[in-house]
Amino acid sequence: MLQTPMVEAATMKITESEVEPVVFEELLKYIYTGSVSAGALQEMGEYLMLAANKYGCEPLKQQCEAALCEGIDAGNAASRLILSDQAEAGDLKEACLDFIKSHAAEVMQSEGWGQVPGYRAGALVVEAMQAMAGLGRGQSAQVVKATQAKAGVHQSTKRSAGEAV
């Protein structure tokens with residue numbers, strides 16, 4: 001980046017506008033020392049996990065994910081479910097879905113739940129419902145196709161690259 005004809009090369013500055021400075025500072029501290037400041041995982045674990053995911057710092061991402069899994073409650077389960085999807089954090093997603101399965105009424109009354117239906121066209125609501133119904137992820141595609149077939153909805157002939165034929 002600094003050796004190409006880009007503005008960063010001309011100014012010798014790289015601007016990071018998506019990660020808060022205090023979070024970026026902790027990310028750099030982890031990269032250089034292998035640890036974060038005391039309390040950082042509790043204070044900014046969600047933001048730190050997103051930054052670690054963005055910059056490919058898998059060990060820090062895993063530490064954040066483990067800390068966030070331990071602190072799931074009815075007030076944060078919905079927002080952490082969205083976070084787990086954004087940060088590609090499978091263990092956190094499973095922990096959130098398990099919590100929601102056991103505490104659905106409480107979670108659905110939380111402030112954070114209001115964001116879930118609008119996120120990714122409701123895909124996380126479907127995953128939460130499947131978890132409550134005891135359906136695995138492999139079964140979800142079958143349920144959707146069966147529901148569409150019963151409703152008379154026809155699949156498009158175009159398929160995405162990752163979709164099974």
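1. Which helix holds Ser84? Ser84 sits in helix 5, residues 77–86. Helices here are DSSP runs (H or I, at least four residues), numbered from the N terminus.

2. A word on the basis. This is a predicted model, where local features need pLDDT of at least 70, side-chain atom pairs count only at pLDDT 80 or more, and totals for chains, interfaces and linings use all residues. Residues are numbered from 1 along each chain as its sequence is written, and side-chain values use heavy atoms, with hydrogens and water left out.

3. Ser84 is buried, at a relative accessible area of 2%. Buried means under 20%, exposed over 50%, and partly exposed in between (1.4 Å probe, protein chains only). Beyond its neighbours within four places in sequence, Ser84 contacts Ala89, Leu92 and Lys93. Contact means heavy atoms within 4.5 Å.

4. The largest nonpolar core has 38 residues. Such a core is a set of buried Ala, Val, Leu, Ile, Met, Phe, Trp, Tyr and Cys residues joined through side-chain atoms within 4.5 Å. Leu92 and Val107 are among those with the most contacts inside this core. Helix 3 (40–54) is one of the helices supplying at least two residues. Helix 3 gives the most, with seven.

5. Val107 touches Trp113, as well as Ala74, Ala77, Ala78, Phe99 and Ile100, leaving aside neighbours within four places in sequence.

6. The disulfide count is zero, the criterion being a pair of cysteine sulfur atoms within 2.5 Å. The sulfur of Cys64 lies 8.6 Å from its closest cysteine sulfur, in Cys57, too far for a bond. Cys69 is in no disulfide either; its nearest cysteine sulfur, in Cys96, is 6.9 Å away. Cys64 is buried at 0% relative accessible area, whereas Cys69 is partly exposed at 26%.
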